[in-house]
Amino acid sequence: MSLDAVQANISLHHLEIKSSDPKMLAEFYSKVMNMNINRLTNQKFLCEGPGRKIIITTGKNKTLGYAGMVCKNEENLERYKEFLKINKCEINAFVSEFYQSGSFALQDPDNNMICFGVLKKENKFLTKGIYAPLQHLTFASKDVEKFQNFYQRKLGFQVTDRVVKSTGELATCFTTSNHEHHTIACFKSSQNGMDHHSYEAGEWNNIKIWCDHFAQNNVKLMWGPGRHGPGNNLFVFIEDIDGNWIEISAELETVIGRPPKNWPQEEKTLNLWGKAIMRS
Ligand SMILES: [Fe+2]
């Protein structure tokens, strides 16, 4: 029997991000995001910390290579693949250093590549470093309705919340592939691409530790601290040297079967505590 994404219990595990200077960006993640660097090839680096792995490779700045999603076991992956086939998703085999055989990739309507697989047994996270596992990725898109249809209907993600403009048009759509409030979300924008990626530090005190760490590295917060309406999570944002937005989050809502809520597109929805970055 097939399983949708939530039933298959799929999590975001790693990202591949492109940069015109991958070495310099990898050095930023190593220092500021408290990760080790492994040089995989001349132009490809793996940055690793507790619960987080980011591959940085050559390409256009602020571009996603792919999002690496994981299933806990092979049976779930097979049954999820069956779900995608029933929904006529076009899937292609995908080979990576992290996944066992059987992993696959697909493209969303904005050509973002999303990969699914089961981790190789030897693939462990580092334990040394400040805590904050990679948790969600958000896209920017000219068409959030298309995003919602694809992730909900074709990929079997659960819509947890939406932000709706006064015109009725979607400004943001939050979707999940497990019980975390969102694992992939999308903000309306004048261009397609990445909006931000986020690390879940769990508790407020860990955000304080991260902010002190950023200060030691002379990196200013670009937004926050605040609390989002949808997801109810505490947040701070910084920007990397290529202009990618990075979020450190805590207290993200756990969602089990509640219906999605529509939020008005206003400052308070994006930040219950203060100023918001409205996007569109
Ligand atoms: Fe976020």
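Visitor: Which residue is the bridge partner of Thr-172 in strand 12?

Guide: In this predicted model, Thr-172 has Phe-187 of strand 12 as its bridge partner. Strand 11, residues 170-176, and strand 12, residues 184-188, pair in the antiparallel sense over 4 bridges.

Visitor: And what sheet do they sit in, in what strand order?

Guide: The sheet is open and has 9 strands in the order 14-15-16-13-9-12-11-10-17, with mixed pairing. Its edge strands, each pairing on one side only, are strand 14 (223-227) and strand 17 (261-264), and neighbouring strands are turned by 20° against each other on average, direction ignored.

Visitor: Which strands does helix 4 lie across?

Guide: Helix 4, residues 144-154, lies across strand 9 (134-141), strand 10 (158-164), strand 11 and strand 12, and it runs at about 15° to strand 11.

Visitor: Switching to strand 3, how many of its residues are buried?

Guide: Strand 3, residues 44-49, is mostly covered, with 5 of its 6 residues buried. It is joined to strand 2 (residues 36-41) by 5 bridges in an antiparallel arrangement, and it pairs with strand 4 (residues 52-58), also antiparallel, over 6 bridges.

Visitor: What is the bridge partner of Cys-47 in strand 4?

Guide: That partner is Ile-54, and the contacts of Cys-47, leaving aside neighbours within four places in sequence, include Tyr-29, Met-33, Ile-37 and Ile-56.

Visitor: Where does Cys-47 stand in the largest nonpolar core?

Guide: Cys-47 is listed with Tyr-29 and Ile-56 as having the most contacts inside that core, which has 62 residues. The core draws at least three residues from each of domain 1 (5-117) and domain 2 (134-270).

Note on methods. Residues numbered from 1 in each chain as written. Predicted model: local features only at pLDDT ≥ 70, side-chain atom pairs only at ≥ 80, totals over all residues. Core = buried A, V, L, I, M, F, W, Y, C linked by C-beta atoms within 7 Å. Buried ≥ 20, exposed ≤ 12 C-beta atoms within 10 Å, placed from the backbone. Domains from an automatic or database assignment. Contact = placed C-beta atoms within 7 Å. Pairing = 2+ DSSP bridges. Helix = DSSP H or I, 4+ residues; strand = E, 2+ residues; numbered from the N terminus. Axes fitted to C-alpha atoms, helices over the stretch in contact; angles between N-to-C directions.
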